[in-house]
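Student: I have just opened a new structure and would like to learn how to read it. Could you walk me through some of its features?

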There are 2 protein chains.
Amino acid sequence: MIIIGEKISVIAKKVREAMEARDPKPIQDLALAQWKAGAYFIDVNIGPAEDNGEDLMKWMCESIQEVVQAPLCLDTTNVSALRAGLEVHNNEWGRALVNSTSNDPERFPILDLAAEFNAELIALTVGKGGLPADAEERCGIAAEIMARAMEAGLPMEDIYLDPLILQVCTTQDQAMHSIKAIEMFQELNDPPMKTVVGLSNISNGVPKNMRSLIDRTYAVLLMNAGLTSAIANPLDKEMMDTIKTTEVFMNKTLYADSYLEM
Amino acid sequence: MIIIGEKISVIAKKVREAMEARDPKPIQDLALAQWKAGAYFIDVNIGPAEDNGEDLMKWMCESIQEVVQAPLCLDTTNVSALRAGLEVHNNEWGRALVNSTSNDPERFPILDLAAEFNAELIALTVGKGGLPADAEERCGIAAEIMARAMEAGLPMEDIYLDPLILQVCTTQDQAMHSIKAIEMFQELNDPPMKTVVGLSNISNGVPKNMRSLIDRTYAVLLMNAGLTSAIANPLDKEMMDTIKTTEVFMNKTLYADSYLEM
């Protein structure tokens, strides 16, 4: 499974302060730690970044790719900040991933931007209205986004469909709907569509000491449904161990006594 | 999921010594601890017990049911020891489970014994020959055992089909065959057949510190396939927490912040 390391986010106080002070060290340390722990993409979540978003995203991308040879997942609703990031992104280390478009017209330009820069794209299967009720509704939205991507010349294999994971503590039945959506998304194209989730959304609102358990157990079920990638915390060793073990059962990794160290 | 507590086994030195000395305390302590941790059945594995098997099984059953109000899983190949256990088993606390019949003619009398005592029965889907190659072969064997049970008057709902879990470290691809067998077994009857596994078989031969991780990750996949019950270690808190969390995702437990304490 492809891990998109989630730790560099404006939500974390330490990261936010480093962003404001333009202090690269804490951000670079987090990037390096996640990369070493097995993240393929490093997520760069700068939030809405309404003031100086372009400058901030550019600085973030350059600072991070100075220390890790990894592609980035550019995570903001600010379209011009995304453009600034894509302009400086070092594609030698893999193509950038843009997070995210959706079925909300405000997010349409993000799809065009991904096509323009030959980047990969996360497509959240939500519209402007309320949350999708079930897997079928998510598939309907996915089909609309895919049609728009085709028009824009963005290949289907560059899209990661995201069913939107909701918190289990208040919307328990949605957990299975999202797993079913992961299964159904793959059927929308041949070769199968890629999929992604924001894994830790599942444990939002639960007692902190239970979050990792809930995240990693849900990860097994999602992987079993065919999940391609997850925005997750690669520094959570128990979660990474669980993911690696699931890959052994799915015959994607050959068993060796040392498989957890790979 | 129904947990069959596996700790009272002749394989454990402490248990073996207590059996030999007819010292009930260590055995009763293990029974009580497993019962409190959520085991429904307490497994009583006395091994082949060729000498004095009847007396040993009788003493074990009586000693254990003196301290826990739980039904027992009588686990030996010694038919007369099984009979002795069934004769003293206290059915007030649930019907006994007999472990196990199979497609080996030497194990046929065990099926008749379960029918005679109105006990439940584990049916291992192996024959006298080699190990089953895949899920389909396991289903063929299951069908033969079910036909024999029908003749003996043992109801289908009293049988737990066991696909036989093999160790992942040497027979990696069998892990998925067994999961598929759990899915297919349920289709053999309406209402669906019950299923059971010897969970820790999956991690036989792997480094000891990885066993619980491998067991509990496999448990999630088995439960997702519809597994009814497992012979497992209820004192492994991480495994029990994982099982409880999976039950939340499968909507079998209503989420509450305290669900791990239930």
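Student: Does Asp241(B) count as buried or exposed?

Tutor: A residue is called buried under 20% relative accessible area, exposed over 50%, and partly exposed in between, with a 1.4 Å probe and protein chains only. Asp241(B) counts as buried because its relative accessibility is 11%. Keep in mind that this is a predicted model, where local features need pLDDT of at least 70, side-chain atom pairs count only at pLDDT 80 or more, and totals for chains, interfaces and linings use all residues. Residues are numbered from 1 along each chain as its sequence is written, chains are lettered from A and ligands numbered from 1 in the order in which they are written, and side-chain values use heavy atoms, leaving out hydrogens and water.

Student: Which side chain meets that of Asp241(B) in a salt bridge?

Tutor: A salt bridge here is a side-chain nitrogen of Lys or Arg within 4 Å of a carboxyl oxygen of Asp or Glu. The partner is Lys237(B), at 2.7 Å from N to O. Both residues lie in helix H9 of chain B, four residues apart, about one turn of the helix. Helices (H or I, at least four residues) and strands (E, at least two) are DSSP runs, numbered from the N terminus.

Student: And what does Lys237(A) do in chain A?

Tutor: Lys237(A) forms a salt bridge with Asp241(A), with the closest N and O atoms 2.7 Å apart. Lys237(A) counts as exposed at 52% relative accessibility, while Asp241(A) counts as buried at 11%.

Student: Which helices does the salt bridge of Lys180(B) and Glu136(B) tie together?

Tutor: The N-to-O distance in that salt bridge is 3.0 Å. Lys180(B) lies in helix H7 of chain B and Glu136(B) in helix H6 of chain B, so the pair links parts 44 residues apart in sequence. Lys180(B) is partly exposed at 38% relative accessibility, and Glu136(B) is partly exposed at 40%.

Student: What does the side chain of Gln174(B) reach?

Tutor: Look for a polar contact: a pair of N or O atoms within 3.5 Å; within protein, one must be able to donate a hydrogen and the other to accept it, and residues adjacent in sequence count only if both atoms are side-chain atoms. The side chain of Gln174(B) reaches the backbone oxygen of Ala133(B) at 2.9 Å, and a polar contact of 3.0 Å joins it to the side chain of Arg138(B). Gln174(B) sits in helix H7 (residues 174-186) of chain B and counts as buried at 10% relative accessibility.

Student: How many strands does the closed barrel of chain B have?

Tutor: Two strands pair if DSSP finds at least two bridges between them. The closed barrel has eight strands, running S1-S2-S3-S4-S5-S6-S7-S8 with parallel pairing. Three bridges join S7 (residues 194-198) to S8 (residues 229-232) in chain B; in S8(B), Ala230(B) is the bridge partner of Val197(B).

Student: How much area do chain B and chain A bury between them?

Tutor: The size of an interface is often given as the accessible area lost when the parts come together. Buried area is that loss with a 1.4 Å probe, summed over both parts. Chain B and chain A bury about 2,900 Å², 68% of it on carbon and sulfur atoms. Gln172(B), Phe249(B) and Tyr255(B) supply 26% of the area that chain B buries against chain A, more than any other three residues. Across this interface the rule finds zero salt bridges, but six residue pairs in polar contact, both at pLDDT 80 or more.

Definitions and conventions: Buried area is the accessible area (1.4 Å probe) that two parts lose on being put together, summed over both.
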